[in-house]
Every structure is written in C-alpha cells, then in structure tokens.
Amino acid sequence: MKRYRPLLVAGALSALVLAGCEDIPFVPKWDAEWTLPLPTTTIRIGDFFPGAVILPGVSADVSFDPEKQTLDAAIGDVLEQNVTRIILSLTYTSTLPLVGADTLFVAPDRAGLLTETPSRISLPFSLAQTAAEGLEVAQTLTQAQRETIQNAAELWVQLRGSLRNPGASPVVLTGAETISLKLAMTITVGVSTR
C-alpha cells in the first residue's frame with residue numbers, strides 16, 4: 001500500500017491543478033445538430049406549360065408565390081446558442097424527364113427576396129429528373145447569412161427559374177405532375193461540458 005501512496009498524492013494534486021484551470025484543452029466538446037423544417041411546396045407543371053404536351057426544346061419560367069415561415073420561440077432558443085454552422089438544404093422530387101436552372105431565395109422579409117444583399121440566401125441548383133425519393137442540394141451559409149437567420153422573426157422563401165424538355169420526344173402531361181420542394185435548415189451548435 002505504501003508504494004501506491006505517491007501515485008495517489010500525484011493524482012490528487014493533478015486533479016486540484018486541473019480544477020483551477022479555466023480552459024482545459026481536453027474537456028469534452030462536441031457539436032449538437034438541430035434540423036428545422038421549413039415550407040414544403042408543390043409546383044404543378046401544367047400551370048406553366050399550355051396544353052398537355054411539352055415539345056422538345058420548349059421551356060417555361062417557373063416560380064411559386066413567396067411563402068412565410070415564422071420562427072417560433074423554440075427555434076429562437078436554438079439560434080441564440082453558440083451556432084457554428086447552418087446548412088440550408090432543399091430536397092426536390094421531379095419524376096418527369098425535364099431539366100431546369102432554378103434558384104431558391106430566402107430572406108427575412110418579402111422585399112428581400114428580390115434584392116441582392118450579402119444577407120439574402122440564394123441556393124442555385126440544376127433541376128433534373130429524380131427518383132421517387134428526390135434529390136438533395138445543400139449550401140453552408142456565410143456569416144452574414146447566419147446572422148440574418150439568427151436575427152429574423154420570420155423567413156420568406158421563393159423559387160424562381162426555368163423548366164425545359166431537353167429530349168427528342170414530347171413529354172405528355174396528365175395534369176397531375178408536380179415538382180415537390182422540401183426545405184430544411186440544419187443548425188450546428190458547439191457544446192462543451194464546462
């Protein structure tokens with residue numbers, strides 16, 4: 001027992017020294033993530049193409065009306081934490097053989113959707129035919145964009161772009177074809193045990 005006493009004393013002294021340190025490099029730290037759903041929108045393809053057939057090479061401008069998402073108190077609590085990263089992701093589903101060049105805009109007010117500023121979020125993507133589960137595009141927000149999200153009581157969302165038949169054959173519409181757009185934010189918060 002006597003030969004273990006110096007080890008016990010050394011261990012106790014180390015614990016006292018470490019307890020007095022404010023910034024201990026090996027104190028466990030990790031990231032916690034919250035995924036916040038934003039508006040889900042459906043675009044009826046037939047609303048933008050006259051008739052029931054989209055001929056090869058024919059294109060049309062597509063968009064949806066601006067939509068508002070209120071950021072409630074629970075989301076506000078998360079955004080007040082030590083946010084280290086926000087990723088905006090859009091999952092779209094389009095089962096027809098159409099392509100598009102589209103941009104999703106997010107701003108703290110409706111007017112901001114139309115005005116290019118450092119805080120406006122623009123998520124450009126190339127729309128293509130997908131399987132039933134859809135395709136995800138994502139963007140990590142800049143500091144200015146993160147601050148916009150953190151300071152906003154609400155967010156406005158709108159998609160604008162185009163849709164085209166790139167093939168050699170016509171695409172026949174039944175009237176029920178849609179493009180589904182599901183938006184979400186993943187917020188990463190740095191967490192420490194101290």
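View 1. Arg-85 counts as partly exposed because its relative accessibility is 32% (buried means under 20% relative accessible area, exposed over 50%, and partly exposed in between, using a 1.4 Å probe and protein chains only). This is a predicted model, where local features need pLDDT of at least 70 and side-chain atom pairs count only at pLDDT 80 or more, while totals for chains, interfaces and linings use all residues. Residues are numbered from 1 along each chain as its sequence is written, and side-chain values use heavy atoms, with hydrogens and water left out. Arg-85 pairs up with Glu-33 in a salt bridge, their closest N and O atoms being 3.3 Å apart (a salt bridge is a side-chain nitrogen of Lys or Arg within 4 Å of a carboxyl oxygen of Asp or Glu). This pair ties together distant parts of the chain: Glu-33 sits in strand E1 (residues 29-44) and Arg-85 in strand E5, 52 residues apart. Strands (E, at least two residues) and helices (H or I, at least four) are DSSP runs, numbered from the N terminus.

**View 2. Glu-154 and Lys-68.** Here's another salt bridge, this time between Glu-154 and Lys-68, with 3.9 Å between the closest N and O atoms. Again the pair links distant parts of the chain, with Glu-154 in strand E9 and Lys-68 in strand E4 (residues 67-70), 86 residues apart. Glu-154 counts as partly exposed because its relative accessibility is 25%. Lys-68 is partly exposed too, with a relative accessible area of 47%.

**View 3. Asp-47 meets Arg-44.** The side chains of Asp-47 and Arg-44 come together in a salt bridge, at 2.5 Å from N to O. Arg-44 has a relative accessibility of 38%, so it counts as partly exposed. Why do pairs like this turn up? Side chains of opposite charge can pair when their charged atoms come close. Searching the whole structure turns up 3 salt bridges.

**View 4. Around Ser-89.** Look along strand E5 (residues 83-93) and you'll find Ser-89. Is Ser-89 buried or exposed? Ser-89 counts as buried, because its relative accessibility is 9%. Leaving aside residues up to four places away in sequence, Ser-89 touches Glu-136, Val-137, Ala-138, Lys-182, Leu-183 and Ala-184 (contact means heavy atoms within 4.5 Å).

**View 5. Ala-168 in its loop.** Ala-168 belongs to the loop between strand E9 (154-164) and strand E10 (171-172). Ala-168 counts as exposed because its relative accessibility is 75%. The C-alpha atoms of Ala-168 and Leu-55 are separated by 8.4 Å, although these residues are 113 residues apart along the chain.
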